[in-house]
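These are my notebook entries on a structure I looked through chain by chain.

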Amino acid sequence: MQSATVKNNTNFKIPAKQFTVWVFMVSVVMLFAGLTSAYIVRKAEGNWMTITMPSQFQASLVVVLLSTVTMGFAQYFAKLQKRGIVQILTALTLVGGLAFTALQLLGWEYLTQNGIYLVGNASAGFLYVISGLHLLHLLGGIVVLLVVMVQLFDKNFNNSKLNSAAIYWHFVGILWLYLYLFLQNV
Amino acid sequence: MAHEHHESFISKYIFSQDHKMIARQYLITGIFMGFVGGFLSIFFRLQLGWDGIDFTWLNGLFGNYLSSNFNEATGDVSYVLAPDKYLALVTMHGTILVFFVLTAGLSGTFSNLLIPLQIGARDMASPFLNMLSYWFFFLSTVIMLVSLFIETGPASAGWTIYPPLSALPKAIPGSGLGMTLWLASMAIFIASSLMGALNYISTVLNMRTKGLSMKKLPLTIWAFFLTAILGTLSFPVLFSAALLLIFDRSFGTSFYLDGIYLADGGVLDKTGGSPILFQHLFWFLGHPEVYIILMPALGITSEVISTNARKPIFGYKAMVISLLGISVLSFIVWGHHMFVTGMNPFLGSIFMIVTLIIAVPSAIKTFNYLATLWKGNIHFTNGMMFAIGLVSLFISGGLTGIWLGNAAIDIPLHNTYFVVAHFHIVMGASAIFGMFSGVYHWFPKMFGRMMDKKLGYIHFWLTFISVYLVFFPMHFIGLAGVPRRYYAFTNFDFADDFLDLNKFITYAAILGFAAQFVFLYNFIKSAISGEKAVKNPWRANTLEWSTEVNPGHGNWVGAIPSVYRGPHEYSKPGVDRDFLPQWISEEDLNQAVDYDSEDHDPIKRDVPSTTQNEESVTE
Ligand code: HEM
Ligand SMILES: [Cu+2]
C-alpha cells in the first residue's frame with residue numbers, strides 16, 4: 001500500500017558514478033580556465049613573445065579528434081552488443097592516444113630546437129605548462145582505457161563503464177581543441 | 001541492507017568506508033588541528049603582548065623557533081621568539097584554521113555524517129572515494145605538521161602565500177623547504193577536497209529517498225551541496241595558481257617573478273613575471289573559500305535554530321535562494337581583496353558594487369534567523385546557544401564587511417587589524433560556532449550519548465565572551481592604522497597607545513583557548529560515559545533521527561523510510577503534536593503516538609511499515 005502523498009523521487013537518470021565523472025570534468029575545466037585566464041592577464045601586461053604553434057600540435061589535434069570518433073563508434077557498437085568490434089575500436093582509440101602523446105613530445109622537441117624553452121619568456125612557460133598538463137590528463141584517460149580494455153574480456157561487462165571512459169575521452173579531445181585554438185589565437 | 005557482516009578493526013575504524021566513521025575521523029582530526037592552530041596563536045599573542053617575552057619553558061618542544069640570547073653581564077640565557085618564526089606561526093595558524101579545521105574539519109565532518117542520513121541513503125555514491133578523501137586529508141595534515149618542526153621553519157608568507165616570499169626559495173627561511181612542504185600538503189589537500197565534493201554532489205543529486213524532492217531538503221543539505229559546488233569550481237583554480245608557483249620555484253619560469261632587486265645587491269634573473277597575477281588566481285579561490293567555510297555553518301545553524309525554536313525556519317525558499325545568491329556572487333567579488341594593487345578604479349568600483357550586493361543575501365539570512373527565533377518556544381540547548389552565537393557574530397562581522405567593501409574606506413584599512421577583526425568575527429568565530437553547534441546537536445547521532453549540558457554552557461559563555469574581548473578591540477587598533485603581521489609594535493610611537501590593549505587581548509585569548517579544554521574534556525568524557533542518547537533527543541523532524549541510536553553500516557535496519565513533508569514542520573497550527581517528522585505518513589500520524597513516554601523517545605514506530613523503497617538499496 002502506497003500513501004498518496006509519496007511521490008517518486010526526482011532523481012537523475014545518470015548513474016551516480018558516471019555523474020561523478022561529469023563533476024570531475026567540471027573541475028578540470030576550472031583548472032584550465034584558471035590557467036588560460038592567467039595567460040590573458042599576464043599577456044596584457046606586455047613583455048610577451050608570440051609563438052607560432054608547431055605543426056606537430058596541429059597533427060596531434062587531428063589525431064585526438066579522430067580518436068574521439070573511434071571512441072564514439074565503440075560506444076555505438078557496445079549498445080548493439082557487438083563485443084568484438086568494440087574491442088577493436090577501443091584499441092584504435094588507444095593507439096590514437098599514444099600517437100597523440102608522441103606528437104606532443106615531438107612538438108616540444110621542435111620548440112626547444114627553435115630556442116623556445118620553459119624558462120624564459122612567460123608565453124613559452126604557459127605553452128609548456130598548459131600542453132603538459134593537458135597531456136597528463138590524456139595519459140590518465142589512456143590508463144582508464146587500458147582498464148576498460150581488460151574488463152572487456154569479462155563476460156558480464158556492463159556498458160556504463162565504457163561510457164564513463166568514453167565521456168572522459170571525448171572531453172580530453174575537445175579540451176585540446178579548445179586549448180589549441182586558445183594558444184594559437186589569443 | 002544493514003548487515004552483520006564481519007568487519008576487522010582496520011576496516012571498521014581505520015580504512016572504513018562507512019560515512020559515519022569517516023565523519024568521526026574528520027571531526028577528531030579537525031579538533032586536533034584546532035588545538036594545534038589555537039596553540040600557535042597563543043604563542044604569538046604572548047609575543048605581541050610582551051615583546052621579547054621569555055619562552056625558556058618551551059625550548060625543548062620548539063627549539064628551532066626560539067633564538068637564545070646570551071647576556072654577557074649577567075650570564076643569563078633567554079629564549080625569545082625569532083621574528084621570522086613569528087611570521088611562520090601566523091602563517092601556519094591561518095593555514096591550519098582556514099583549511100584544516102574550517103574547510104575539511106567542518107565540511108568533512110558534517111557533509112559526511114548528514115548527507116546520507118538526512119537524504120535517506122545507505123552511504124555516499126562512492127564510499128571508496130570517500131575513504132580516499134579522508135586519507136588524502138590525513139596525509140596532507142601530516143605533511144603540514146611535519147613542516148612545523150624542520151630546521152628552517154614552515155612556510156612564512158601568510159596563509160595567502162603571496163609571491164615573492166613564496167616564489168623565491170631564498171627570500172626568508174620559511175620560503176625554502178617549509179614552503180615546498182606547504183605546497184605539497186595543499187596539493188594533496190585539494191585532491192582530497194575535490195574527492196569529497198564530487199561525492200557530496202552526486203550523492204545529493206542521485207540518491208535521495210522516495211518523496212524527498214530538492215524542495216524538501218533540510219537546509220544543512222542545501223548548504224553542503226552548494227559548498228561542494230563552490231569547492232569543485234574554485235579549488236582547481238588554486239591548484240593552477242600553486243602549479244605556476246611550483247614552476248617558478250623549482251624550474252626557473254617567471255610567471256610571478258620579475259627582475260627584482262635582491263637583499264644581497266644583485267638582481268633576480270627573471271623577467272616579466274607579475275606577483276599580482278598570483279593574487280588574482282588566489283583570491284578567485286580565496287573568496288569562495290571563505291563561503292566554503294561559512295555556508296556549512298549557516299546550514300547547521302538553520303536546522304538547529306528551527307528545531308530548538310520549535311518553529312519552521314522563516315522563509316525556507318528565501319534561505320535557499322540566498323545561499324544560491326551568495327554562491328554565485330562569491331565568484332565575482334575577489335577583487336575586493338586587491339583594491340590597493342593598483343587596479344583600474346573603474347574595475348575597483350565594479351568589484352565594490354558586487355561586493356556590497358553580497359550584503360543583501362547575507363542580511364536576508366540574518367533576518368530569517370531572527371524571525372525564526374521571534375516568539376519561538378526556544379529550547380536553550382548547547383547547540384542552540386552556539387547557533388544563536390553564530391547569528392550574533394555574523395551580524396557583527398558582516399557590518400564591518402560593508403565598510404571594507406567600499407574601496408575608499410578599504411584603502412586605509414587594508415592590511416590593518418581592522419581586517420583581522422572583520423574576518424575573524426565573520427568567518428573564523430562564526431564558523432567555529434557553527435561547528436560547535438553541530439557537534440553538540442549531532443553528538444548523540446555520532447556517539448550514541450549526550451554531551452554534558454552544564455559543561456556545554458560553561459564552554460559557550462567563556463568562548464562567546466572571549467571571542468568578543470579578543471576581536472572587538474582590534475577594530476580600534478586597526479582604525480588607528482596598526483598593520484597586521486608585525487612582530488612587535490614597540491618601535492613605533494603611534495602604536496604605543498595600544499601596548500596595554502594588546503596585553504588585554506592576549507589575556508582574553510588565553511581565556512578563550514583554556515575554555516576549549518572544557519569542550520575537549522566534555523567531548524571525551526561524554527563519548528565514553530555520557531548519558532545514553534534516545535533515538536530523537538531533540539524531537540527533530542529530519543531523517544537521521546529515524547535510525548537506531550547507533551546506526552550500523554547501511555544506516556537503516558529494513559527499508560529506507562520515505563519522506564512525506566518538508567523538514568521544518570514544527571508547531572504546525574491545528575496539529576496537536578509539536579513536530580511532524582519527515583518520515584511519518586499521514587495515516588501513521590493519525591494513530592495516537594505517546595511522545596511523552598518514560599524513555600523520552602517520542603517516536604515509537606520509526607520505520608513506516610507501509611513503504612518499500614527497495615531501489616535505493618545500494619548494497
Ligand atoms: C557583507 C559581507 C562582506 C563584505 C562586504 C566583505 C568585504 C571584505 C573586504 C572588502 C575584505 C578585504 C579587506 C582588505 O584586505 O583590505 C574582506 C576581507 C576578508 N573577509 Fe570579508 N566581507 C564580507 C563577509 C565576509 C564573510 C561572510 C566572510 C567569511 C565567511 C569573510 C571573510 C573574509 C576574510 C577571510 C578576509 C581577509 C582575508 C585576508 O586578507 O587574509 N567576509 N572582506
Ligand atoms: Cu572576499
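**Entry 1: chain A.** I counted five helices and zero strands in chain A; helices are DSSP runs of H or I with at least four residues, strands are runs of E with at least two, and both are numbered from the N terminus. Read from the N terminus on, the elements go α-α-α-α-α. The radius of gyration of chain A is 20 Å, well over the 16 Å that the globule rule gives for 186 residues, so chain A is more spread out than a compact globule. (The radius is taken over C-alpha atoms, and the rule is 2.2 Å times the number of residues to the power 0.38.) I noted a span of about 75 × 45 × 20 Å for the C-alpha trace of chain A along its principal axes. Of its 186 residues, 49% are buried; buried means under 20% relative accessible area, exposed over 50%, and partly exposed in between, with a 1.4 Å probe and protein chains only.

**Entry 2: what I am looking at.** This is a predicted model, in which local features need pLDDT of at least 70 and side-chain atom pairs count only at pLDDT 80 or more, while totals for chains, interfaces and linings use all residues. Residues are numbered from 1 along each chain as its sequence is written, chains are lettered from A and ligands numbered from 1 in the order in which they are written, and side-chain values use heavy atoms, with hydrogens and water left out.

**Entry 3: chain B.** I found 15 helices and two strands in chain B. Its radius of gyration is 25 Å, close to the 25 Å from the globule rule for 619 residues, so chain B is as compact as a globular protein of that length. Its C-alpha atoms fill a box of roughly 85 × 50 × 50 Å along the principal axes. Buried residues account for 63% of the 619.

Entry 4: Which protein atom is the donor for the iron atom of ligand 1? I found a single one, NE2 of B:His422, 2.2 Å away; donors are N, O and S atoms within 2.8 Å of the metal (3.2 Å for Na, K and Ca), and water is not among the atoms, so sites may look incomplete. B:His422 sits in helix α12 (residues 417–447) of chain B. The copper ion (ligand 2) has B:His287 (ND1), B:His336 (NE2) and B:His337 (NE2) as protein donors, at 1.9 to 2.0 Å. B:His287 is in helix α7 (residues 275–309) and B:His337 in the loop between α8 (316–329) and α9 (345–373), so the pair ties together parts that are 50 residues apart in sequence. B:His287 is buried at 6% relative accessibility, and B:His337 is partly exposed at 22%. The copper ion lies 4.7 Å from the iron atom of ligand 1.

**Entry 5: two more residues.** I looked up B:Val470 in helix α13 (residues 453–479) and found it buried, at 8% relative accessibility. B:Val470 touches B:Ile505, B:Ala508 and B:Ala509, leaving aside residues up to four places away in sequence; contact means heavy atoms within 4.5 Å. B:Val470 and B:Ile505 are 35 residues apart in sequence, yet 4.9 Å apart from C-alpha to C-alpha. B:Thr416, in the loop between α11 (407–413) and α12, is buried too, with a relative accessible area of 4%. Among the residues that B:Thr416 touches are B:Gly478 and B:Arg484.
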